[in-house]
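Hi everyone, thanks for coming. Let me put the model up, and then we can walk around it together.

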Amino acid sequence: QVRLVESGGGLVQPGGSLRLSCAASGSIFSITAMGWYRQAPGKQRELVANIISGGSPNYADSVKGRFTISRNNTKNTVYLQMNRLLPEDTAVYYCNSRISSTGRAWTDYWGQGTQVTVSS
């Protein structure tokens with residue numbers, strides 16, 4: 001069994017910063033991708049950023065230049081540094097990871113979500 005546990009959300013003023021963390025634990029043989037999605041009220045869940053093993057980070061156009069994703073493979077952890085936050089960044093942020101417990105099959109796992117609110 002695999003768990004993704006997120007932390008770091010909260011309330012911040014426009015222009016401020018937050019750092020999200022997501023740690024994967026459990027029966028992990030290999031991780032191919034780790035990333036972050038978000039869902040604002042009344043909107044569909046959208047990709048914010050992800051890192052695929054051996055590849056470069058991918059970012060949504062709306063966060064390029066403001067958000068930075070990084071990954072610690074030793075700790076099976078992914079981070080999202082969010083700077084110059086805007087009210088439109090307000091959403092529940094979900095960690096996502098594609099993990100194999102056996103090396104033969106891959107499963108997408110989701111964290112429980114962490115609320116990010118940008119407001120003055």
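The protein chain exposes about 6,500 Å², and carbon and sulfur atoms supply 47% of that area. Accessible areas here come from the Shrake-Rupley method with a 1.4 Å probe, and for residues only the protein chains shown count as cover.

A word on where this comes from: this is a predicted model, in which local features need pLDDT of at least 70 and side-chain atom pairs count only at pLDDT 80 or more, while totals for chains, interfaces and linings use all residues. Residues are numbered from 1 along each chain as its sequence is written, and side-chain values use heavy atoms, with hydrogens and water left out.

Now the overall build. The protein chain has 0 helices and 11 strands; helices would be DSSP runs of H or I with at least four residues, strands are runs of E with at least two, and both are numbered from the N terminus. Along its principal axes, the C-alpha trace spans about 45 × 25 × 25 Å. The radius of gyration is 14 Å, which agrees with the value near 14 Å for a compact globule of 120 residues. That radius is taken over C-alpha atoms, and the globule rule is 2.2 Å times the number of residues to the power 0.38.

Of the 120 residues, 39% are buried. Buried means under 20% relative accessible area, exposed means over 50%, and partly exposed is in between, using a 1.4 Å probe and protein chains only. As for contacts, meaning heavy atoms within 4.5 Å, take those with a separation of 6 or more: residues 24 or more positions apart account for 55% of them.

And charges? There are 12 positive and 6 negative side chains, and the centres of the two sets lie 8 Å apart. Lys and Arg count as positive and Asp and Glu as negative, leaving out His and the chain ends; each charge is placed at NZ of Lys, CZ of Arg, CG of Asp or CD of Glu.

Let's go through the strand pairs. Two strands pair if DSSP finds at least two bridges between them. Strand β1 (residues 2–7) runs antiparallel to strand β3 (residues 18–26), with 6 bridges, and Val-2 sits opposite Gly-26 in β3. β3 is also joined to β8 by 6 bridges, again antiparallel, and there Ser-21 has Tyr-79 in β8 as its bridge partner.

Elsewhere, strand β4 (residues 30–39) and strand β5 (residues 46–52) pair antiparallel over 6 bridges. β5 carries on to strand β6 (residues 58–59) through 2 antiparallel bridges, in a hairpin with 5 residues between the strands where Gly-54 has a positive phi near 80°.

Which residues other than glycine have a positive phi near 50°? Asn-76 is one of them, and Arg-84 is another. Most residues other than glycine have a negative phi. Asn-76 is in the loop between β7 (67–72) and β8, and Asn-76 counts as partly exposed because its relative accessible area is 22%.

Arg-84 lies in the loop between β8 and β9. Outside four places in sequence, Arg-84 touches Gly-15, Gly-16, Ser-17, Gly-65, Arg-66 and Asp-89.

That brings us to Asp-89, in the loop between β8 (77–82) and β9 (91–100). Is Asp-89 buried or exposed? Asp-89 counts as buried because its relative accessibility is 0%. Beyond its neighbours within four places in sequence, its contacts include Arg-38, Arg-66 and Arg-84, along with Phe-67, Val-116 and Val-118.

Last stop, Gln-81 in strand β8. Gln-81 is partly exposed because its relative accessibility is 27%. Setting aside residues within four places in sequence, Gln-81 has contacts with Ser-17, Leu-18, Arg-19, Arg-66, Phe-67 and Thr-68.

That's my tour, so over to you for questions!
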